[in-house]
Amino acid sequence: MQAILGIVDDVDRIIEQWARERPDLETQAMEVFGRIYRISQRMGVRQEQVHARFGISRGEFDVVATLRRSGEPYQLSPKALAASLMLTSGGMTGRLDRLEKAGLVTRSPDPDDRRGLVITLTARGLEVADQAVTAGLAAQREVFERLPRREREQLPGMLRDFLALLDD
């Protein structure tokens with residue numbers, strides 16, 4: 001066990017058990033994926049708590065954040081939103097219904113397509129998106145900045161490379 005911060009975690013204990021029961025197994029990949037999974041779960045819970053302070057779920061945040069980062073006039077078609085968020089049209093409709101009811105987005109006819117709609121972030125939606133992304137990043141930095149500087153500098157590139165290997 002070589003932990004940068006000298007911490008032993010549940011994954012270490014699992015790996016020790018496998019080493020005892022099946023010393024023939026190479027478990028380094030299990031260590032990596034087990035920790036990535038646990039990081040994702042725990043940060044997901046933290047992000048959900050942050051977004052709840054703004055009256056939105058994590059999924060609803062994804063919609064308002066996508067509209068916000070699309071730039072002015074902060075509008076996209078439901079199809080473009082669904083594609084960006086990898087959602088079905090049904091999943092997108094539910095989120096849009098809740099966000100529209102909360103006054104964070106509006107639906108209006110697409111001026112370029114008589115059959116289409118356009119989803120626009122309201123002024124309140126823009127405010128919520130900006131506040132929620134700021135608070136969410138602060139929660140992420142609170143954890144991330146506990147790592148030594150060298151690891152903070154290396155980790156984003158390493159994870160990008162790792163993700164690219166899965167996309168091949």
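This is a selection-by-selection tour of the model shown above.

The model is predicted: local features need pLDDT of at least 70, side-chain atom pairs count only at pLDDT 80 or more, and totals for chains, interfaces and linings use all residues. Residues are numbered from 1 along each chain as its sequence is written, and side-chain values use heavy atoms, with hydrogens and water left out.

**Stop 1: the annotated span**

Select residues 29-164. An unreviewed UniProt entry annotates this range as "domain: HTH marR-type". UniProt positions follow the numbering used here, feature names are shortened, and annotations may be inferred rather than shown by experiment. The span is 70% helix and 12% strand, and its end C-alpha atoms are 16 Å apart. Helices (H or I, at least four residues) and strands (E, at least two) are DSSP runs, numbered from the N terminus.

**Stop 2**

The structure holds 15 salt bridges. Each is a side-chain nitrogen of Lys or Arg within 4 Å of a carboxyl oxygen of Asp or Glu.

Select Asp10 and Arg13. They form a salt bridge, with the closest N and O atoms 3.0 Å apart. Both sit in helix 1 (residues 10-21), three residues apart, about one turn of the helix. Arg13 is partly exposed at 39% relative accessible area, and Asp10 is partly exposed at 38%. For these classes, buried means under 20% relative accessible area, exposed over 50%, and partly exposed in between (1.4 Å probe, protein chains only).

Now select Asp12 and Arg35. Their side chains form a salt bridge, N to O at 2.7 Å. This pair links distant parts of the chain: Asp12 is in helix 1, Arg35 is in helix 2 (residues 28-52), and they are 23 residues apart. Asp12 is buried at 6%, while Arg35 is partly exposed at 24%.

Move to Arg22 and Asp24. Their salt bridge has its closest N and O atoms 2.7 Å apart. Asp24 is exposed at 56%; Arg22 is partly exposed at 37%. Then select Asp9, Asp12, Glu31 and Arg35, which salt bridges with shared partners join into one network.

**Stop 3: helix 2 against helix 6**

Show helix 2 and helix 6 (residues 123-144). Their axes come within 9 Å and cross at roughly 145°. Axes are lines fitted to C-alpha atoms, for helices over the stretch in contact, and angles run from 0 to 180 degrees between N-to-C directions.

From helix 2, pick Met43, Arg46, Gln47, Val50 and His51; they meet Ala132, Ala135, Gly136, Ala139, Gln140, Glu142 and Val143 in helix 6. Contact means heavy atoms within 4.5 Å. The contact residues divide into six nonpolar, four polar and two charged.

Stay on helix 2 for Val32. Val32 is partly exposed at 35%. Draw a distance to Phe61, 29 residues away along the chain: the C-alpha atoms are separated by 28 Å.

**Stop 4: backbone in two loops**

Go to the loop between helix 3 (58-69) and strand 1 (75-76), where Pro73 is found. A cis peptide bond joins Glu72 and Pro73, with omega about 10°. Tyr74 is in that loop between helix 3 and strand 1 too. Tyr74 has a positive phi of about 55°, although it is not a glycine, and is buried at 14%.

Finish at Met86, in the loop between helix 4 (78-85) and helix 5 (89-101). Phi of Met86 is positive, near 55°, in a residue other than glycine. Met86 is exposed at 75%.

Notes. Ala, Val, Leu, Ile, Met, Phe, Trp, Tyr, Cys and Pro count as nonpolar, Asp, Glu, Lys and Arg as charged, and the others, Gly among them, as polar.
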